[in-house]
Amino acid sequence: MKRIELTITALSPLAIGRQKPGGSINEVEQYIPGSVLRGAIAKYILHRAGMELENLAANGGDFAELFLEENPAIFQNAYPAVAKVGSKYQILNNTIKVLPATAVSSKANPGFLHKGHGVFDTLIDSFCAEQFNHPYDPSSLKALEDGVDPRVEAYNSLYSKHDQHYCTHTATSRLLTRVGINRYRATSSDDILYSIEVLNEAFSTLNKGKNKEWSNYVYRGYVNVPDNSLGKKLTNFINDNSEVFRLGGSVSRGLGKVKITAKEIPLPDDIPSRIDAFNQALQIRWQHWSDAFGEPNPMSNTLTESLRDRTFFTLNLHSDAILTEDWQRTTVISREMFKEFAVVEDPSLQLHTAYSSYSYSSGWNSAWGLMKDVELVTNKGSVYLFSTQNRQMWEDALSNLEWRGVGDRTSEGFGQVEICNEFHQIFRECAV
Amino acid sequence: MIYLNALPQRVSEHWSVSAIIDTALCVGAGGSSGSLADKPIVRNAQGQLLIPGSQIKGRLRHECEKLARALGWQIFYAPIATELCPNEGQVCSEFREIYQVSGYKGYHCVVSQIFGDPILPSRIIVDDFTCVTPKDELLEVLRPGVTINRRRRTAEENKLYLLETSPANAQLEFKGDIYLQSPFQSHSPDLAKPLIFAALRRIYALGGSKSTGLGWLHWENLPTLSSDDAIWSSLDAKQYLANHQVSVGGAA
C-alpha cells in the first residue's frame with residue numbers, strides 16, 4: 001500500500017463545476033474533487049497510449065489496475081493549502097482537515113480566535129447532556145465577554161493547525177462572462193451569453209500599499225494505491241508529466257492549467273492513540289458533568305459503569321459520501337451498515353448519535369461522454385459516534401476504513417473518513 | 001495493455017506566441033464591478049491585462065473557417081450547437097466519409113476536427129495571453145465616447161459611455177501558449193498546422209471597437225511551415241479528395 005501526496009498548483013483559473021443542470025451560472029467547488037483528479041490523470045494516460053476508445057477492463061495492464069479493478073487506486077479530494085496566518089495569506093504544509101458538523105462558533109463574529117470569537121466542539125458535551133437528561137444549549141464565552149449576542153451556530157470550514165493556532169483554509173473565486181459571436185453579423189450571438197465561476201489562480205501574499213507579492217493557489221490531495229510498485233510508477237509518471245494535466249471545464253479555452261507534483265508519504269498509524277485521547281476526554285468530561293449535577297440517577301449510574309467497559313470512537317466524513325441502505329439513499333451510517341463497511345461482526349457495537357446533512361452531486365464522465373447521475377450525498381464533516389466492548393476487533397478494521405472509505409464511488413474520493421478527529425477535544429471554555 | 005513506464009511519447013506540439021498591441025486594447029469583462037467604466041477591461045487574479053484564451057481560440061476558429069471554406073471545404077456554422085452537428089442529408093456526399101471520426105458519432109468538418117464541437121473534443125488548447133507588464137506599472141485609461149444625434153449633430157442624450165483600455169501606443173506584449181494534440185485520424189494528412197499558422201497571420205486586431213482603432217496588433221514568434229511542405233497541397237479540398245479516393249481505393 002502506498003499513499004501519494006499530490007501538490008497541485010493552479011496556473012490558470014479552474015472551472016470545477018458544482019451545479020451543471022439549470023441556471024445560467026456554473027457554480028464552482030471550493031476544492032478539487034477526487035473524481036476530477038482521477039478523470040484528468042486517466043484521460044492523459046489514455047491519450048498518451050492512444051487507446052481512448054478501447055475496452056481495457058479485461059487486459060489493461062497498469063491502467064486497469066489503477067482505475068478498473070475491484071480495488072482501484074483511491075483519488076481523494078484536494079483541499080486548498082492557502083490559509084491566513086496573522087495578517088497575511090500563505091501556503092501551509094499542514095494536514096488539511098474538515099471541521100466536524102458538531103463544531104460551532106459565535107453567530108455575531110464567527111471564526112477561529114484572532115479573527116473571530118473562536119470555534120469549539122459540542123459532540124462530547126451534547127452526548128453527556130443527553131445522558132444526564134439535561135438540555136444542551138451552548139453559547140460563546142468570548143461573545144459574552146464582549147457583550148454581544150452569545151448564540152452559536154454550526155461552523156463549516158476546512159482547517160489546519162499551524163504553530164498551535166488554528167486557521168481556516170479557503171480558495172477564492174470570481175466570475176468570468178463569455179459570449180458566442182454570430183459569424184454572419186460579427187456581433188454577440190443570441191442565447192450564447194454565459195458566466196462561469198472559477199477558482200482564482202493567484203492570491204496576494206504581501207499587501208503593503210502598491211507593493212504586492214503574488215503566489216499561485218496550491219491544493220493538496222492524496223492518492224491511495226494498493227500496490228507498492230504501482231504507487232512508485234504512478235508517482236514517477238505524475239512527476240514526469242507534471243505540467244500537462246488540465247483540470248475541470250473549458251480546458252481548451254485557457255482554463256484548468258495546473259502543475260501537479262507527487263510525493264510518497266508514510267501511512268498514518270496513530271488510530272489507537274486518537275481513540276485513547278478521545279475516550280480520555282470523554283471520561284474527564286463525564287466526570288465534570290457528574291460533579292456538576294450531583295449523584296447520577298440509577299440509569300446514569302449504569303451508564304457510568306458501562307462507560308468504563310466501552311470504547312467510544314467517532315467516524316468523521318472527510319469528504320462527501322454516497323450511502324445506501326436497503327437500496328435507498330441515506331445520510332446515517334447505521335450500526336449494520338458500519339459493521340458491513342468494516343467487515344466486523346460485533347454484537348456490542350452501538351450508534352449513539354449522528355450529525356449529518358445532505359446535498360446533491362453530479363458531474364461529467366468523459367469515458368461515457370455523458371453526464372453522471374445526480375446523486376444524493378451526505379455532506380463532508382458529518383459525525384457518527386459509536387461505541388464497542390470489543391476494541392481489539394476494530395483497530396485494524398478502522399485503519400482499513402480510513403484507507404478505503406465508506407459507501408459508493410470511493411475511488412473518486414467519496415466517503416473518505418477519519419477516526420476520532422482531534423477537534424472533538426476542543427471544549428467551550430477553551431475555544432480556539 | 002498500458003504500462004505507465006512504457007507509454008509511447010505522444011507529446012503535443014506547442015508554440016509560445018507574443019501579441020504586441022500597436023494601439024490600445026479593449027477586451028471587456030462582462031459582469032465586473034468596481035470600475036467607473038461602462039466596459040471594464042478583463043484582468044487575471046493579479047490584475048494583469050489579459051486576452052482570454054477563449055477569444056483567441058474563437059478568432060482562430062473563425063479565420064480557419066473562412067480559409068477552409070474558400071479552399072472548397074464544407075464547414076459547419078459555429079457557435080450554434082445544432083448547426084455543428086448536422087445530419088447525413090446536410091453533409092455533402094463527397095465529404096461524408098472523411099468527416100467521420102471513429103468513436104465519435106455524426107459528422108465533423110475539418111475545422112471541427114481541430115477546434116471541437118458538441119461531440120468531438122478540441123485538439124487545440126489555447127492559454128490566456130497575459131500582459132507581461134505588472135498592473136502597477138500601467139495607468140488606468142478611461143476612454144470616453146459619445147453618440148451623435150444625426151439630425152441635430154449634437155451629443156445624444158444618455159449615450160455618453162466610458163471604455164477602459166490599455167495605455168495607447170505602449171507596445172504592450174501579451175504572451176501565451178498554443179498547444180496542438182495529435183490528430184484523431186492518423187491515416188489522413190493533418191491540416192491543423194497550415195490552417196492555424198495561416199489563420200494566426202490573418203488576425204490583425206482583437207477585443208472590442210476594432211473598427212474605431214482599438215486592439216490592433218502584430219504577432220511575434222509566429223510558427224512557420226516551409227513553403228515546399230507537401231501539406232500545403234492537401235489544403236485544397238478537390239486535391240485532398242482526389243488523393244483520399246486513391247488511398248481508399250488502394251487500401252480496399
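## Aromatic cluster in chain A

Phe112(A), Tyr155(A), Tyr159(A), Tyr166(A) and Phe423(A) are joined into a cluster by ring pairs. The model is a predicted one. Over all chains, the structure holds 32 aromatic pairs.

## A stacked pair and an edge-to-face pair

One of the aromatic pairs is formed by Phe313(A) and Phe386(A), whose rings are stacked, at 6.0 Å centre to centre with 25° between the planes. This pair links distant parts of chain A: Phe313(A) belongs to strand S19 (residues 311-317), Phe386(A) belongs to strand S27 (residues 383-388), and the two are 73 residues apart. Phe313(A) has a relative accessibility of 1% and counts as buried. Phe386(A) is buried as well, with a relative accessible area of 0%.

In chain B, the ring centres of Trp15(B) and Phe197(B) are 5.1 Å apart and the planes are at 85°, so this pair is edge-to-face. The assignment follows because planes over 60 degrees apart count as edge-to-face. Trp15(B) is in strand S1 (residues 13-21) of chain B, whereas Phe197(B) is in helix H4 (residues 192-201) of chain B, so the pair ties together parts that are 182 residues apart in sequence. Trp15(B) is buried, at a relative accessible area of 13%. Phe197(B) is also buried, and its relative accessible area is 4%.

## Arginines over tyrosine rings

Two arginines of chain A are placed over tyrosine faces. Arg3(A) lies over the face of Tyr222(A), at 4.3 Å from the ring centre. Arg246(A) lies over the face of Tyr179(B), at 5.0 Å from the ring centre.

## Packing of H1 and H4 in chain B

Helix H4(B), which holds Phe197(B), packs against helix H1 (residues 53-70) of chain B at an angle of about 110°, and the axes are 9 Å apart. Angles of 65 to 115 degrees count as roughly perpendicular, and H1(B) and H4(B) are therefore roughly perpendicular to each other. Their crossing is right-handed. On the H1(B) side, the contact is made by Leu60(B), Glu63(B), Cys64(B), Leu67(B) and Ala68(B). On the H4(B) side, the contributing residues are Leu195(B), Ile196(B), Ala198(B), Ala199(B) and Leu200(B).

## Backbone exceptions

Most residues other than glycine have a negative phi, and most peptide bonds are trans.

The peptide bond from Ala78(B) to Pro79(B) is cis, with omega near 0°. Pro79(B) is found in the loop between H1 and helix H2 (81-84) of chain B. Asp191(A) is not a glycine, yet has a positive phi of about 65°. Asp191(A) is part of strand S14 (residues 187-199) of chain A, and with a relative accessible area of 81% it is exposed. Ser250(A), also not a glycine, has a positive phi of about 50°. Ser250(A) sits in the loop between helix H5 (228-240) and strand S18 (258-265) of chain A. With a relative accessible area of 17%, Ser250(A) is buried, because buried means under 20%.

Conventions
Residues numbered from 1 in each chain as written. Chains lettered and ligands numbered in written order. Predicted model: local features only at pLDDT ≥ 70, side-chain atom pairs only at ≥ 80, totals over all residues. Heavy atoms only, no water. Phe/Tyr/Trp six-rings, centres within 6.5 Å; stacked < 30°, edge-to-face > 60°. Helix = DSSP H or I, 4+ residues; strand = E, 2+ residues; numbered from the N terminus. Buried < 20%, exposed > 50% of the residue type's maximum accessible area, 1.4 Å probe, protein only. Lys NZ or Arg CZ within 6 Å of the ring centre and 35° of its normal. Axes fitted to C-alpha atoms, helices over the stretch in contact; angles between N-to-C directions. Parallel < 35°, antiparallel > 145°, perpendicular 65-115°, else oblique. Left-handed = near helix turned anticlockwise from the far one by under 90°. Contact = heavy atoms within 4.5 Å.
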